[in-house]
Amino acid sequence: MTITNTVSPALKFGLQLLGLWPGVSYSIIYWSSFMLSMIVMQYFQYLYILNHIKVSELLNLVDSIPLALDYGLTIFKLISLWLHRRVLHEILTAMDNDWRECINVDRQLYVMQMKANISHICCNAILSFNAIATLLYFVGDYIVHIMFLSKDYNDTLRRLPLKAQLPYETQQSPLFEIVFAMLLLHVFLHASAVGIINGLIFTLVLHVGGQIDIICQKFKNTSENTLFSKTSVPSFGMLIERHNRIISASDNIEKLFSFIALMQVLWNTLVICSLGFAFTFFIHNGANVFGLVKSIFGYFGVTIEAFVICFAGEYLSHKGKLIANASYEMMWYDMPSKQSKIIIFIIMRSQKRLTITAGKMTDMSFGAFTSIIKASASYVSVLNAMY
């Protein structure tokens with residue numbers, strides 16, 4: 001099947017369920033229903049934490065805080081996307097227009113299909129990884145508990161996949177099985193929402209990257225095939241127009257994800273600190289091995305979530321530099337002065353970086369990701385030394 005859209009079917013379906021896809025009927029009902037379930041679950045999670053702030057319950061406390069914080073981060077992300085849904089709709093409409101322009105040009109269509117194929121693979125991989133990590137994180141503890149069950153087992157040993165203080169007794173069958181299935185479904189929906197947001201970031205920056213590759217090809221073709229006469233001026237106008245669309249798309253992506261990136265950095269710091277405390281606690285208190293592995297899985301999950309948006313910012317910034325390089329590599333020195341000045345303006349405009357910032361305070365890049373990793377490693381090291 002020929003790919004004709006950068007947005008994968010799975011990502012499109014997820015955005016429709018969240019009410020964020022343009023033209024979806026009753027979108028506010030879809031979004032409100034999901035958000036209500038998230039907020040209710042968040043309430044029961046923090047109720048559990050407040051009821052277990054005891055030294056004797058420290059194991060349950062350190063095991064429940066990271067997930068509660070992660071739920072809170074997802075709620076903030078979804079609220080931000082909903083408030084900026086008009087920007088998202090503008091980006092998706094511009095993407096459709098880009099595809100319609102490229103559909104009759106084989107070389108451009110090839111570039112777009114290659115980027116779309118990568119986008120689909122990345123989205124499916126992110127969603128699959130989230131599903132597998134959720135299964136291991138939430139069900140693994142329960143499975144291990146069943147496998148090593150003692151003979152004096154009773155209903156009080158039953159564990160739900162989510163640490164939450166529900167307003168009713170859930171230990172007796174069949175209520176326990178029903179609640180277990182419902183909570184497991186909810187955590188899978190939460191993991192899917194996280195995967196959809198991360199997949200959306202990948203998709204948008206890959207599409208912009210494809211448009212930048214196309215404009216770089218046009219610069220190269222213009223340099224090789226144009227005789228530098230007055231007839232070449234209109235082609236420069238088309239290049240400038242496409243360049244402006246790329247800048248506009250980058251600005252919209254920045255508007256859409258700036259607050260999300262800021263919350264990602266702040267919340268990741270809190271979650272990593274909580275997981276670091278849990279990791280240290282499990283090591284020094286002889287807890288079961290699976291508890292230790294569980295905290296490691298959680299750390300990697302949070303780290304990958306931060307890596308996605310840092311990678312997106314780095315990729316967008318790197319692609320933006322290619323426009324300046326491609327325009328500089330043209331034979332502008334052999335052009336008439338009126339035409340060479342156009343190239344100079346394009347180079348000057350390309351000096352402004354295309355990037356994603358965290359609340360317009362710092363760029364999301366590999367440098368920012370390295371800083372997050374260094375800070376978390378230092379925290380765990382200090383905590384381990386002081387414990």
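Predicted model: local features only at pLDDT ≥ 70, side-chain atom pairs only at ≥ 80, totals over all residues.
Local features need pLDDT of at least 70 and side-chain atom pairs count only at pLDDT 80 or more, while totals for chains, interfaces and linings use all residues. Residues are numbered from 1 along each chain as its sequence is written, and side-chain values use heavy atoms, with hydrogens and water left out.

**Helix α9**
- Helix α9 spans residues 337–350 (helices are DSSP runs of H or I, at least four residues, numbered from the N terminus).
- Its 14 residues reach 20 Å from first to last C-alpha, close to the 20 Å expected (1.5 Å times one less than the number of residues).
- Buried positions in α9 are Q339, S340, I342, I343, I346, I347 and S350 (buried is under 20% relative accessible area, exposed over 50%, partly exposed in between, with a 1.4 Å probe and protein chains only).
- These residues lie on the same side of α9 because they cover an arc of only 150° around the axis (taken from the directions from the helix axis to the C-beta atoms).
- Exposed K338, K341, F345 and M348 are carried on the face turned away from the buried side of α9.

**Nonpolar cores**
- The largest nonpolar core has 88 residues (a core joins buried Ala, Val, Leu, Ile, Met, Phe, Trp, Tyr and Cys residues through side-chain atoms within 4.5 Å).
- Helix α6 (residues 175–225) supplies the largest share of this core, 20 residues.
- A second, separate core of 8 residues includes W99, L109, A116 and I214.

**E305**
- E305 lies in helix α8 (residues 289–328) and counts as buried because its relative accessibility is 6%.
- The side chains of E305 and K77 make a polar contact (2.6 Å) (a pair of N or O atoms within 3.5 Å; within protein, one must be able to donate a hydrogen and the other to accept it, and residues adjacent in sequence count only if both atoms are side-chain atoms).

Methods:
Helix = DSSP H or I, 4+ residues; strand = E, 2+ residues; numbered from the N terminus.
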